[in-house]
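Dear colleague,

Here is the structure for you to look at. My notes on helix packing and aromatic pairs follow it.

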Amino acid sequence: LDEFKYIFYWEWGHRMMGRVVGLVYGAGWAYFTWMHRPKISADSIPKAITSAIPPGYQSRLAVLFAMGGTQGLVGWWMVKSGLGEDRFGDRNEIRVSPYRLASHLGMAVGTYSLLVWTGLGALSFPVDRYAMAAKEKSAETLSMLQQYTKNLSPNALRHAQKVRGGVLTTVGLTGLTILSGAFVAGNDAGNAYNTYPLMNDQWIPLEDMVDPEKLPKWRNVFETTATVQWNHRVLGTATALSAVGVAGFGLLHPMGRASLVAMGRSSTTPQVRRGLVSLGTAATAQMSLGIATLLNYVPINLAATHQLGSLVVLSCGLYTAHSLRYASRSVMSKVAIGNVSKVMSGGGGGGSIAKGPAVVSKVPTMK
């Protein structure tokens, strides 16, 4: 009974916290939409703005609210899969479906990612949309972000674009690794092959990775212990290598040198450099933590910390990718930098090199 009480309060607390998050989000959304009025201290920001919610963000906030509600339904659907005599298995324990567990976790990670991206977008809205001073306004006036992009040399833009692609790849790998971790947890795959880097003295334990009794065969990818754990190992390693690689490429490349930042000639802003350092460090620590969790037979404290670490890596990746938005095709096309495809492949024209500090760092104050 005491063991049941322990897991009951964890489950009860999880459900209550989910509901509180929904209430806080909904109340905050309503407050900033109808009650709170921003105090604008920058003349370059239009006086017509009467809500603290930036223009164009209401639909995204509505999507986030719907995703939160859907997450609760997915959680109920997951728990329901553990009800019934067919879910006890060999250990006589109730087990939820690994597929539904992965769906629940994936929905949570997707909602979190969109929340982070939306928050970063709202914070940087003045930089992305408004010019540096009201006197500069004209039909062709560029925002501070667009002006920064226009002032970069073609070589700097190419480097920034490659770094952004590498960061987005790392973010994608992080998401896949998190989902594969759900199958590790759902199948208790972390309690086997507790050695590293080999699994049962093999790099690829092929004999254990395919269960002939599982039909169709693709189920082995998600249900066989050896295959599930091997997938997570490979994806985790790929994520760490990708993060360290893109951090090194962004920080050590001649076009990304910190000495060029003050002159506005560096392909990486101070925000990008901080993001790359954080991403490489977090991914390395996360991989080390995963190995420690495996070698110690998945104690709850290490397992929970490892799961939290995955969100840290994801957050660092999202922050860095957002900081590199000045190298996105959408921004480059708006500032009409020659032929965008030619610039990215090594040809085409570009803007002149800025002679002052990066305009991206000059953000109007909004309270």
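Aromatic pairs and helix packing

Tyrosine 31 is partly exposed, at a relative accessible area of 36%. Please bear in mind that this is a predicted model.

A search of the whole structure gives 14 aromatic pairs. One of them is stacked: tyrosine 25 with phenylalanine 65, 6.1 Å centre to centre and with 20° between the planes. This pair links distant parts of the chain, since tyrosine 25 belongs to helix 1 (residues 2-35) and phenylalanine 65, 40 residues away, to helix 2 (residues 58-80). Phenylalanine 65 is partly exposed, with a relative accessible area of 42%.

Tyrosine 31 pairs edge-to-face with phenylalanine 32, at 5.1 Å centre to centre and 75° between the planes. Phenylalanine 32 is partly exposed as well, its relative accessible area being 37%.

Tyr99, Phe183, Trp218 and Phe222 make up one aromatic cluster.

On helix packing, helix 3 (residues 98-123) packs against helix 6 (residues 154-186) at about 145°, with the axes 8 Å apart. The crossing is right-handed. Among the residues in contact are Tyr99 of helix 3 and Phe183 of helix 6. The contact residues comprise 11 nonpolar, two polar and no charged.

Helix 10 (residues 270-295) and helix 11 (residues 300-323) have axes that come within 8 Å and cross at roughly 160°. Helix 10 is therefore roughly antiparallel to helix 11. Their crossing is left-handed. In this contact, 13 residues are nonpolar, 13 polar and one charged.

Regards

Notes. Residues are numbered from 1 along each chain as its sequence is written. This is a predicted model: local features need pLDDT of at least 70, side-chain atom pairs count only at pLDDT 80 or more; totals for chains, interfaces and linings use all residues. Side-chain values use heavy atoms; hydrogens and water are left out. Axes are lines fitted to C-alpha atoms, for helices over the stretch in contact, and angles run from 0 to 180 degrees between N-to-C directions. Helices (H or I, at least four residues) and strands (E, at least two) are DSSP runs, numbered from the N terminus. Angles under 35 degrees count as roughly parallel, over 145 as roughly antiparallel, 65 to 115 as roughly perpendicular and the rest as oblique. A crossing is left-handed if the near helix is turned anticlockwise from the far one by less than a right angle, and right-handed if clockwise. Ala, Val, Leu, Ile, Met, Phe, Trp, Tyr, Cys and Pro count as nonpolar, Asp, Glu, Lys and Arg as charged, and the others, Gly among them, as polar. Contact means heavy atoms within 4.5 Å. Rings of Phe, Tyr and Trp (its six-membered ring) pair if their centres lie within 6.5 Å; planes under 30 degrees apart count as stacked, over 60 as edge-to-face and the rest as tilted. Buried means under 20% relative accessible area, exposed over 50%, partly exposed in between (1.4 Å probe, protein chains only).
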